[in-house]
Amino acid sequence: MNELEILCKKHKLEKSVILLYSGYYDSDNSGTNQAIIPSNFVYLTKLDIPNLIVIYYNKTFTFIYDYSVNNWGDDAILNPIYNVYSKNTIIHLPNKLSEFLSKPDINVYTLSNYNSIPQMYSIFHIKFKNTSLLNSILLDSSCNKMRIIKNKSEKKNILIATRYTIKAFRELLTNFKKKKYNYSYQIVNFMKCYWGQFNINELAYKPICTVGNANTILHSNIYNYKLIPGKLILLDIACKYNNYCSDITRTFPVNGKFTNSQKIIYNIVLDINTFAIKSIFPGLSWDELEQKCYLRLYNSLLKIDLIKSIKRSVNEKIAVARIFMKHSLGHNIGIDVHDPPFKILTSNMLLTIEPGIYFDAHQYNNSNINSNIWKKYSSIGGIRIEDVVLIDPVRASKQKTSLGAISISPLAKTISGIEKLMN
């Protein structure tokens, strides 16, 4: 039983029509009309083929695909359907939709992209667009809840994506000095080419590869940064496997050796990373975990005199820590690199833990910060360490200990480990 069948059984939709549209793609004008296939479509169908309508009715799947409009080479486009649903699957032309037009007063459930169905399906589109029986909320909301917990197949796909990501990182770091890279785009291109050897051509997200002060830019998509000895590279990049994402970040020195000031800040970030992973157990509130990590960060910054020692409330301490860690502790991961959000940690969840510290110019005059100490570290720019973590059901069955979660990204992240790889 696949996810769509499970959803229908749960909500008693067996006598309703489930209509799913994948999104439109114009191969002659892909720069403006490239399909953005909804994640929930991929989740329910296990397909990422543009211009496809999937109908599930009376426990039967019907696939509607317009050959005349989508003349791309049918075998290449349609074989994925056969691979998932068997070689005996029949792909129908849009005129097959007339069968569903004749069904009186039947409930139709669809995804929120229903109104983007193109003109080639216009009769069907108009028929249901004007009926009160159309429901475009239930499926999306139900999928978002279901996607928080990963099944065996999903966990396997994310694990494989993470393994390929780690292999590329290791290959990059062990050959980094020998390659003599000069710009960040060379790093990104190496990672892409490495995955290409294994016919993995889809990235999980737009990579981030910044250097030094540019590490403070959380989502930089510029890749012409000069690699300067003594500076840190922040590389946030991962591939997809079978539609599922990984997400790894490592920060490492251009010349393979951390400076003393870089080591101090790096070890604070690493401490938060390992503390968070060890603190995870099912039933823990995500907000509670984040607060514990912000407070730990606050205390670490206080120890190196980066922030002023004055009496503060818990909320004030968290607010000061947020000045330096300006994003969340992590996120759910799956078909999207940022899968549907959650509030409570649960067995069989896969999430990222990605603490960071960033030195922005506006911090210099902040009354909470010792400006002289800040100047000592400001040239670091930023450091982030990110791992993919599984809340393991076997370990989670034990009492609330540090055994609830496993990092599935065993890539060097200690200072000695990174320096050993690079030297």
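Buried residues are those with under 20% relative accessible area, exposed ones have over 50%, and partly exposed ones fall in between (1.4 Å probe, protein chains only). The model shown is predicted, so local features need pLDDT of at least 70 and side-chain atom pairs count only at pLDDT 80 or more, whereas totals for chains, interfaces and linings use all residues. Residues are numbered from 1 along each chain as its sequence is written, and side-chain values use heavy atoms, with hydrogens and water left out.

View 1. Helices (H or I, at least four residues) and strands (E, at least two) are DSSP runs, numbered from the N terminus. Helix α10, residues 184-196, has 13 residues and reaches 19 Å from its first C-alpha to its last, close to the 18 Å expected at 1.5 Å a residue, where the expected span is 1.5 Å times one less than the number of residues. Ser 184, Ile 187, Val 188, Phe 190, Met 191, Tyr 194 and Trp 195 are buried in α10. These residues lie on the same side of α10, because they cover an arc of only 155 degrees around the axis, the arc being that of the directions from the helix axis to the C-beta atoms. Their cover includes α8 (152-174) and α9 (176-179), together with β7 (208-211) and β8 (232-237).

**View 2. The packing of helices α1 and α7.** Helix α1 (residues 3-11) packs against helix α7 (residues 138-146) at an angle of about 110 degrees, with their axes 11 Å apart. This makes α1 roughly perpendicular to α7; angles under 35 degrees count as roughly parallel, over 145 as roughly antiparallel, 65 to 115 as roughly perpendicular and the rest as oblique. Axes here are lines fitted to C-alpha atoms, for helices over the stretch in contact, and angles run from 0 to 180 degrees between N-to-C directions. From α1, Glu 3, Ile 6, Leu 7 and His 11 meet Leu 138, Leu 139, Ser 142, Cys 143 and Met 146 of α7, contact meaning heavy atoms within 4.5 Å.

View 3. Ser 261 lies in helix α11, residues 260-279, and is buried, with a relative accessible area of 19%. Not counting residues up to four places away in sequence, Ser 261 touches Lys 376, Tyr 377 and Ile 380. The axes of α11 and helix α16 (residues 415-422) come within 11 Å and cross at roughly 120 degrees, which means that α11 is oblique to α16. Lys 263, Tyr 266 and Asn 267 of α11 make this contact with Ile 415, Ile 418 and Glu 419 of α16.

**View 4. The surroundings of Leu 306.** Leu 306, in the loop between α12 (286-303) and α13 (314-324), is buried, with a relative accessible area of 0%. Although Leu 306 and Trp 374 are 68 residues apart along the chain, their C-alpha atoms are separated by 6.0 Å. Leaving aside neighbours within four places in sequence, Leu 306 is in contact with several residues, among them Leu 301, Phe 324, Phe 359, Ile 373, Trp 374 and Tyr 377.

**View 5. Two asparagines with positive phi.** Asn 243, found in the loop between β9 (240-241) and β10 (244-245), has a positive phi of about 80 degrees although it is not a glycine, and Asn 243 is buried, with a relative accessible area of 14%. Asn 348 lies in the loop between β12 (330-332) and β13 (350-353); its phi is positive, about 70 degrees, although Asn 348 is not a glycine, and the residue is buried at a relative accessible area of 18%.
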